[in-house]
Amino acid sequence: MAKPISLPLYEKLPLKNTVQRILDTTIFLLLLSLLAYRILSLHSNGFTCLLALFCESWFTIVWALILSSKWNPVEYRTYPERLLLRVDELPPVDLFVTTADPILEPPVITVNTVLSLLAVDYPANKLACYVSDDGGSFLTFYALLEASKFAKLWVPFCKKYGIQNRAPFRCFYDEEESPIDDSVEFLGEYTKMKDEYEVLRRKIEDATEKFVPLDVGAEEYVAFSNIDRRNHPSIIKVILENKEGLVDGLPHLIYISREKRPNYPHHYKAGAMNVLTRVSGTMTNAPLILNVDCDMYANNSQIVFHAICLLLGSKNEQEFAFVQAPQSFCDGIKDDPFGNQLVALLKYMGEGISGLQGYFYSGTGCFHRRKVLYGLCPNGCMETGGRNPNWIGGKLTDEGLKSFGHSKEFTKTAERILTGLSGKAHCPHDLSSSAEAANQVADCSYECGTSWGTKFGWMYGSTAEDILTGLSIHARGWRSAFCKPDPPAFLGCAPSDVSSTLIQQKRWATGLLETLFSKSNPFIATLTANLQFRQCLAYIWILSWGLRSIPELCYAVLPAYCIITNSHFLPKVDESTLLIPAALFAIYNLHSLLEHHKIGLSFRTWWNNQRMGRIISTTAWFFGVLNVIMKLLGLSETVFEVTQKDQPSTPGEDNNNEAGQFTFNESPIFVPATTLLFVHLGLWLKPCQT
């Protein structure tokens, strides 16, 4: 019997932004006026005016891109309570967690993320959690093995009492979190659970610091003995298995360290994600995939329901390819001294781009349709075009089979996904039956001669694999949704020092510029594929971050140059045209300050974001440009640098003695900004001394 017409699972709500539009347009008109003044002054002011014209032309282009991206903001409101009224059966979801280095990414962080995912409010027989360890570390595996024992207590406890924050270190040690119940029974179990977690934490930290020697000769650790992280066979171990398919049991938990050999490229995180996609395809083959970084724990226990509302509530389930949650951070330093919490940026640009073809894929906190990762377009065709040689009559052709690889078991599961089915035709809950196929698809030579990384899965060719992958999906005509539930879906760790912040920003700038100068850039996608024009402009805005370093550096040099040459690049005080840059300066800063104030951010936060914007553009982004130039000239290859993750603190520990302080090291990344600073100081102090 057909279900009656019911209420929608989500609503797309336009946001009123009249004042913002007026201010944004005013700033744009002032920039155009300034350019007109520069052009008219070229004959009298020479080189300084020409350089200023170049810089201000770039600033005007960037502002035009921002104006287009912010013009039509929307937000999505989901109704998870309506979900079970609309669907007969909830779809399975595979959960991907990626880590690469047990030193930079302490295992206790990964464990908290995994525990938060295992405990989300969703049927356990519909979930499988896969942890990719690109470091091949037995410490990470040991931590997960111990965490699986704690999960047998933690998951039932969370669901019994409706615990909202299901990452133990946040539940027990966050000052803002308090027990939700004051009954004797709950407090007793809460105390017991906290003690159990403390035992787990100490075990992991002691093992990490080698206070407790691990028996690497035991059966669980044989595969890790004498391992070389850059040269080893694949390691796949099932840590938890819900063989009976119990709704209230524990989800599957699988550890994966893909094979690595010196003669084969491993493509950093993108390669790890593609191995996870294939291994999970052979084991559980869920139609939906959630991927998070190891430090992004589930902060909203209902997040899977919120995302599925958007994926299942769209037209014939063909509208949204992925649902992206914003990157939010826990334990952020007050007033964001390093400008890396991105609150205002995600608020205004995120909502604006949501009103276009959809927000970018950000690499973590994202729900994907597996069939989209397998190259399917919204019209049901494969990416290869209208003739569709890979996909005929609901089956993969010989060419299609070759594109997916030589594993017959995996290609069968891929066919099921592409035809709208999921799971495996036999033994749906028996993971051990897929062990041989899982190891086969994790082999480092498996992708040779296939379309992985070019048409299927995560795209290769950039250290910003997330943006490149999202761009390729949007170019096929898919849309995406920006999911912002309350409380936030996921919380992660923002870099807590300036060095880590600049390393992260340099990696982003490098990867974004690699995408901009690749064959997959948004210009080509708009002309030859289905990327919408304004979505193309939004991509150009983010992909050109690194290029902004050149005009910003030049503009920062102009005052010093004018002092040395006794010239000027701004109108004189007695000229009426001085009102143009003065009004531009005042309105722009007032506008950005009002944007911060509107969402509850302090004046100090605004000041720090402005300051770090200049520091990042003249240091990290500049080095990102140099990296890409070296790559384009064939002089070097770009390298994926893992960002240091700070281990969560507990009461009695003081890990923030230098929180918010600028500490410098020997890295050359600081040279451009400090050189600018000393040049200006020297030129300004010299007249004072005279």
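Is glutamate 75 buried, partly exposed or exposed? With a relative accessible area of 27%, glutamate 75 is partly exposed; buried means under 20% relative accessible area, exposed means over 50%, and partly exposed lies in between, using a 1.4 Å probe and protein chains only.

Hello everyone, and a quick word on the model before we go on. This is a predicted model, in which local features need pLDDT of at least 70 and side-chain atom pairs count only at pLDDT 80 or more, while totals for chains, interfaces and linings use all residues. Residues are numbered from 1 along each chain as its sequence is written, and side-chain values use heavy atoms, with hydrogens and water left out.

Back to glutamate 75, then. You will find glutamate 75 in strand S2, residues 74–78. Helices here are DSSP runs of H or I with at least four residues, strands are runs of E with at least two, and the numbering goes from the N terminus. Leaving aside neighbours within four places in sequence, glutamate 75 is in contact with Glu11, Lys12, Leu13, Leu15 and Glu351, where contact means heavy atoms within 4.5 Å. The C-alpha atoms of glutamate 75 and cysteine 483 are separated by 8.0 Å, and these two residues are 408 residues apart along the chain.

Next, please look at strand S7, residues 288–293. Five of its six residues are buried, so S7 is largely enclosed by the rest of the structure. Which strands does S7 pair with? Strand S3, residues 93–99, runs parallel to S7 and is joined to it by six bridges; valine 93 has leucine 288 of S7 as its bridge partner. Strand S11, residues 366–369, pairs with S7 in the antiparallel sense over four bridges, and there asparagine 291 is partnered by cysteine 366. For pairing, DSSP has to find at least two bridges between the two strands.

There is also an open sheet of three strands, in the order S8-S15-S10, with mixed pairing. Its edge strands are S8 (297–298) and S10 (328–329), each of which pairs on one side only. S10 runs parallel to S15, residues 490–492, and two bridges join them. Serine 328 stands opposite leucine 491 of S15. In the loop between strand S14 (479–482) and S15 sits proline 487, and the peptide bond joining aspartate 486 to proline 487 is cis, with omega about 0°.

Now for the helices. Two packed helices are described by the angle between their axes and the distance between the axes. Helix H1 (residues 18–70) and helix H19 (residues 579–598) pack at an angle of about 30°, with axes 14 Å apart. The axes are lines fitted to C-alpha atoms, for helices over the stretch in contact, and angles run from 0 to 180 degrees between N-to-C directions. That angle makes H1 roughly parallel to H19, since under 35 degrees counts as roughly parallel, over 145 as roughly antiparallel, 65 to 115 as roughly perpendicular and the rest as oblique. The residues where H1 and H19 meet divide into 12 nonpolar, four polar and three charged. Here Ala, Val, Leu, Ile, Met, Phe, Trp, Tyr, Cys and Pro count as nonpolar, Asp, Glu, Lys and Arg as charged, and the others, Gly among them, as polar.

Thr277, Arg278, Gly281 and Thr282 of H7 make the contact with Glu409, Phe410 and Thr413 of H12.

H7 also holds asparagine 274, which counts as buried at 0% relative accessibility. Among the residues that asparagine 274 touches, beyond four places in sequence, are Glu447, Trp452, Phe456 and Tyr460.

Helix H17, residues 533–543, is mostly covered, with nine of its 11 residues buried. These buried residues pack against H1, H9 (343–354), H14 (465–475), H15 (498–516) and H16 (522–528).

I will finish with two asparagines. Asparagine 285, in the loop between H7 and S7, has phi near 55°, a positive value in a residue other than glycine. Asparagine 566, in the loop between helix H18 (549–565) and H19, has a positive phi of about 55°. Which is buried and which exposed? Asparagine 285 is buried, at 0% relative accessible area, whereas asparagine 566 counts as exposed at 72%. Thank you!
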